[in-house]
Amino acid sequence: MKALTLTPADKSLHIEDRPEPKIESPNQVMLKVLEVGICGTDREEAEGQRGTPPPGKQSLVIGHEMLGEVVAVGESVTKVKKGDLAVFSVRRGCNACPACNNNRFDMCYTGNYRERGIKDEDGYQQQFVVDEEAYIIPINQDMRPFAVLSEPMSVVEKAIDLLITLQRARLPDWEQKGTDLSGRKALIAGLGPIGLLAAIIFRLRGAEVYGMDVVDDNSLRPTLFKKLGGTYIDGRKTDLSTFQKKCSRLDLILEAAGVPTLDFHLLEALGINGAYVLTGVAADHKSVTIDGGTLMERLVMNNQVMVGSVNAAPYHWDMGAKDLEEAGKRWGDVLSSLITQRLPVDHYKEAMESHASDEIKSVLTWDGQG
Ligand SMILES: [Zn+2]
Ligand SMILES: [Zn+2]
């Protein structure tokens with residue numbers, strides 16, 4: 001079968017011929033890969049900045065944002081059956097820390113976790129994959145057009161769950177309302193796939209949503225954001241104090257821009273008792289000038305929280321699948337529009353390289369291969 005592999009030694013991608021994986025134990029599931037999304041992580045891998053082949057191997061099958069169809073199941077599998085749509089999660093635990101031993105690989109203490117398509121485990125850019133039932137998430141057939149977004153959705157679910165959990169733990173008015181965000185205001189910085197999926201989750205929970213980016217108001221990402229009911233803010237034309245006056249008492253900020261100069265200054269807009277989650281990773285590591293005293297004073301005097309979030313727990317994948325299904329009923333056209341490019345896998349070079357300004361999510365398709 002075909003597989004798209006990275007050889008880190010010479011930073012090259014190839015379509016390789018690999019043996020087809022087989023079900024080897026009763027709790028395994030085999031998926032035919034239908035499509036796999038591409039994100040910044042894949043592009044960094046292609047540039048040689050990350051991506052570790054399994055121990056003893058020279059190359060790594062890339063890809064971690066997958067959608068597949070069940071083609072075979074082991075005898076003890078109950079979650080899915082042949083013909084179902086499903087996705088496999090990405091991270092696998094280190095087996096040696098209290099987080100991983102409690103199924104929270106996303107909070108691994110040792111850093112010795114493995115990640116399919118990224119670190120020490122082959123990924124999903126191949127015709128067939130086999131893994132344990134414990135790592136599978138069943139997907140409703142109606143979600144076929146956008147279910148390849150399940151992985152980024154799980155990441156956003158965790159970030160927003162973290163914000164709500166923190167607020168509920170420390171604020172009586174939040175504690176009473178559960179995950180209901182009606183009457184709350186949230187700002188999203190960066191309207192790429194993560195930012196737009198965040199907008200979907202915030203809107204499903206009833207929040208008033210503001211989205212900041214640096215593209216024209218009538219371009220694709222702000223247009224989709226507005227269809228979700230969000231208010232777009234062009235970061236090139238708006239200063240934070242004006243925004244703060246317009247949007248008094250901002251409860252939550254979710255950062256998905258990866259721009260440190262902006263991201264630290266955004267704290268200026270956060271309201272009293274507000275919570276701020278960072279999900280982006282900066283492309284550059286230059287110094288940022290901030291007034292540390294003012295920053296500390298703001299955080300302390302306003303009881304603010306700033307926190308980082310990566311990856312997702314199994315229950316975030318389930319929440320993501322549920323929310324994608326719900327969002328599909330309300331904004332199916334918006335969700336489908338998030339996938340701006342679908343190319344057959346032989347066109348991987350084009351998909352890995354293109355960064356059209358209106359690009360949101362590029363996907364390689366495996367359906368119809370072989
Ligand atoms: Zn990704
Ligand atoms: Zn661990």
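**Starting from one serine**

Leaving out residues up to four places away in sequence, serine 362 touches Ile38, Thr340, Gln341, Ala351 and Ser354. You'll find serine 362 in strand β19, which covers residues 361–365. Is serine 362 buried or exposed? It has 24 C-beta neighbours inside 10 Å, so serine 362 counts as buried; the cut-off for that is 20 or more. Glutamate 350 is twelve residues from serine 362 along the chain, and their C-alpha atoms are separated by 9.9 Å. Keep in mind that this is a predicted model.

Now zoom out. The protein chain is split into domain 1, made of 2–146 + 338–365, and domain 2, which runs over 153–308. Their C-alpha centres lie 29 Å apart. Where the two touch, domain 1 gives six residues and domain 2 gives eight residues. On the domain 1 side of that contact there are two nonpolar, one polar and three charged residues.

Next, some helices. Two packed helices are described by the angle between their axes and the distance between the axes. Take helix α2 (residues 150–170) and helix α4 (residues 193–204): their axes come within 9 Å and cross at roughly 60°. α2 and α4 are therefore oblique to each other, and α2 passes α4 in a right-handed crossing. From α2, the contact uses Pro152, Met153, Val155, Val156, Glu157 and Ile160. From α4 come Pro193, Ile194, Leu197, Ala198, Ile201 and Phe202. Sorted by class, that makes eleven nonpolar, no polar and one charged residues.

α4 also packs against helix α9 (residues 314–337), at an angle of about 85° and with the axes 10 Å apart. That makes α4 roughly perpendicular to α9. Which residues meet here? In α4 they are Ile200, Ile201 and Leu204, and in α9 they are Asp323, Glu326, Ala327 and Trp331. This contact has five nonpolar, no polar and two charged residues. Look out for Ile201, which is listed in the α4 contact with α2 and again in the α4 contact with α9.

Helix α8 (residues 292–301) is hardly covered: of its ten residues, the number that are buried is zero. Just after α8, asparagine 303 takes a positive phi of about 50°. In the loop between β16 (270–278) and α8 sits alanine 282. Alanine 282 has 14 C-beta neighbours inside 10 Å and so counts as partly exposed. Apart from neighbours within four places in sequence, alanine 282 is in contact with Gly258, Val259 and Pro260. Glutamate 65 is 217 residues from alanine 282 along the chain, with 21 Å between their C-alpha atoms.

Finally, back to backbone angles. Lysine 11 has a positive phi of about 50°, although it is not a glycine. Lysine 11 belongs to the loop between β1 (2–7) and β2 (12–17), and it counts as partly exposed because it has 13 C-beta neighbours inside 10 Å. Asparagine 311 is another residue other than glycine with a positive phi, near 60°. Where is asparagine 311? Look in the loop between β17 (305–308) and α9. With 19 other C-beta atoms within 10 Å, asparagine 311 is partly exposed.

How values were computed:
Residues are numbered from 1 along each chain as its sequence is written. Chains are lettered from A and ligands numbered from 1 in the order in which they are written. This is a predicted model: local features need pLDDT of at least 70, side-chain atom pairs count only at pLDDT 80 or more; totals for chains, interfaces and linings use all residues. Domain bounds come from an automatic or database domain assignment. Two residues are in contact if their C-beta atoms, placed from the backbone, lie within 7 Å. Ala, Val, Leu, Ile, Met, Phe, Trp, Tyr, Cys and Pro count as nonpolar, Asp, Glu, Lys and Arg as charged, and the others, Gly among them, as polar. A residue is buried if 20 or more other C-beta atoms lie within 10 Å of its own, exposed if 12 or fewer, and partly exposed in between; C-beta atoms are placed from the backbone. Helices (H or I, at least four residues) and strands (E, at least two) are DSSP runs, numbered from the N terminus. Axes are lines fitted to C-alpha atoms, for helices over the stretch in contact, and angles run from 0 to 180 degrees between N-to-C directions. Angles under 35 degrees count as roughly parallel, over 145 as roughly antiparallel, 65 to 115 as roughly perpendicular and the rest as oblique. A crossing is left-handed if the near helix is turned anticlockwise from the far one by less than a right angle, and right-handed if clockwise.
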